[in-house]
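Hi,

Here is the structure we talked about. Please have a look, then read my notes below.

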Amino acid sequence: MIKSFITRGSLRYSPFRRFFFARSILLFGNAMTPVALAFAVLQAPHGQRLLGDILAGELLAHIIMLLIGGHLADRYRRDRILLWTTLGFGLSQLCIAIIVLTGTNSTWILPWAIIQGILTAFSEPALRGIVPEMVDTAHLQHANALLSTARGFARIVGPAAAGFLVATWGGGWAIAVNAFSSFVASLLIIRIHIPRAWKSTAPSIVHEMRQGWVYFRESQWIWPITLAWAFLNALQMGAWQVLGPIIAQQSFRSTGWGLILSFKAAGILIAGLVLTRLRFSHPLRTTMLTAAVGGVPMIILGLEQSVPSLLTAAMVAGLGLGISTTLWDSALQQGVPRDKISRIMAFDDMGAFVFIPLAEIISVPIAHTFGLYTVERTAGFLFLITALAPITCHGVRTMTTHDIEAWALKQPLS
């Protein structure tokens with residue numbers, strides 16, 4: 001049975017098989033760190049403010065460096081970029097673990113968090129762009145579905161494992177486990193060899209970035225979805241990630257909130273399993289229809305409904321999120337030429353993250369002004385409307401998988 005699993009679909013390709021197992025290990029380790037880091041930093045003087053500074057510093061460094069990361073991933077070998085960023089991430093996590101374990105001033109975590117934000121900005125465009133280089137077009141969705149399944153599993157198991165390690169050995173050891181997972185993953189990544197099939201003819205980095213922007217701007221099926229996700233992620237992070245725990249603390253407490261997040265992660269896992277078998281003729285339309293259900297848990301939370309109804313809504317939202325992100329990644333990988341894909345992925349990521357810091361800053365003041373539950377359910381309705389808005393665009397509404405593949409073929413390589 002195990003042999004059958006690892007030799008069918010996208011896993012029949014040995015480079016992707018190594019990548020999948022490496023990515024699974026990394027996702028598990030990364031899922032542990034937020035819990036471990038939060039508990040470690042909150043114990044320090046002015047811990048709440050410091051934790052906010054650390055998270056904001058990492059995210060801002062990520063956003064600022066994303067476009068450069070996309071350029072590098074299109075110009076150089078993506079497998080080598082992933083190897084060096086994975087090793088760099090492991091070293092930075094090890095340094096943070098040492099700071100926590102030795103009781104050093106937690107302020108020293110901030111520069112390492114900024115370094116991690118930069119490394120992530122370099123690795124993410126390469127991560128999303130390397131999959132088409134390892135599997136053929138027919139197996140792209142299967143490959144992304146497997147990665148989504150691994151992500152969902154990690155979000156269920158990782159925080160629980162981190163909680164156990166924090167309670168027994170301390171947060172520093174949980175962070176050290178993440179560092180170790182990066183080193184293990186790098187042993188798999190080092191065996192992936194994917195030489196570039198093209199050579200850039202652009203005279204400068206600015207010219208290449210301009211090429212990527214022109215392609216992004218002229219792709220009428222890409223930018224409307226990226227623009228929608230800029231607002232969707234802001235609503236998600238502000239109303240769900242920031243206000244959600246505050247509401248939970250006032251009603252069903254942290255245990256219930258943790259259970260809700262686990263059910264959402266389970267939905268992502270189920271979505272990955274479903275998409276290894278299921279295909280959609282209009283993936284862009286389906287991407288936004290399934291994304292829209294992410295607003296339902298916010299509406300239910302804002303209406304002060306029971307925990308069982310929230311658990312159901314969270315799982316459905318996770319299912320929709322898993323389907324949406326998998327189909328979107330697959331569509332970009334099918335519809336963008338390989339010499340431009342990482343730059344386009346970088347523009348897409350930048351759009352997705354750009355409003356998150358602002359949303360995290362203003363969500364609590366807005367809730368104090370208009371009411372916690374009112375803001376929560378309003379954000380849920382806005383999420384629904386925003387997710388459905390791109391479907392009004394002809395390309396998003398009508399393009400089939402064949403149309404997306406044809407779009408890539410008519411675009412010349414740089």
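Predicted model: local features only at pLDDT ≥ 70, side-chain atom pairs only at ≥ 80, totals over all residues.

Helix 6 and helix 13

Helix 6 (residues 140-168) meets helix 13 (residues 307-335). Their axes come within 9 Å and cross at roughly 145 degrees. The crossing is right-handed. On the helix 6 side, the residues are Leu140, Gln141, Asn144, Ala145, Ser148 and Arg155. Helix 13 answers with Leu321, Gly322, Thr326, Leu327, Asp329, Ser330, Gln333 and Gln334. How do the residues of this contact divide? Four are nonpolar, eight polar and two charged.

Cores

The largest nonpolar core has 50 residues. Trp221, Ile222, Ile260, Leu284, Met288 and Leu332 touch the most other members. Helix 9 (residues 223-250) gives the most to this core: ten residues. A second, separate core holds 28 residues, including Phe20, Ala31, Leu140 and Ala154.

Beyond its neighbours within four places in sequence, Leu332 is in contact with Arg128, Trp221, Ile222, Ile341, Ile344, Met345 and Asp348.

Thr120

Thr120 sits in helix 5 (residues 109-134). Is Thr120 buried or exposed? Its relative accessibility is 17%, so Thr120 counts as buried; the cut-off is under 20%. Setting aside residues up to four places away in sequence, Thr120 touches His62, Phe89 and Pro125.

Best regards

Key:
Residues numbered from 1 in each chain as written. Heavy atoms only, no water. Core = buried A, V, L, I, M, F, W, Y, C linked by side-chain atoms within 4.5 Å. Buried < 20%, exposed > 50% of the residue type's maximum accessible area, 1.4 Å probe, protein only. Helix = DSSP H or I, 4+ residues; strand = E, 2+ residues; numbered from the N terminus. Contact = heavy atoms within 4.5 Å. Axes fitted to C-alpha atoms, helices over the stretch in contact; angles between N-to-C directions. Left-handed = near helix turned anticlockwise from the far one by under 90°. Nonpolar A, V, L, I, M, F, W, Y, C, P; charged D, E, K, R; others polar.
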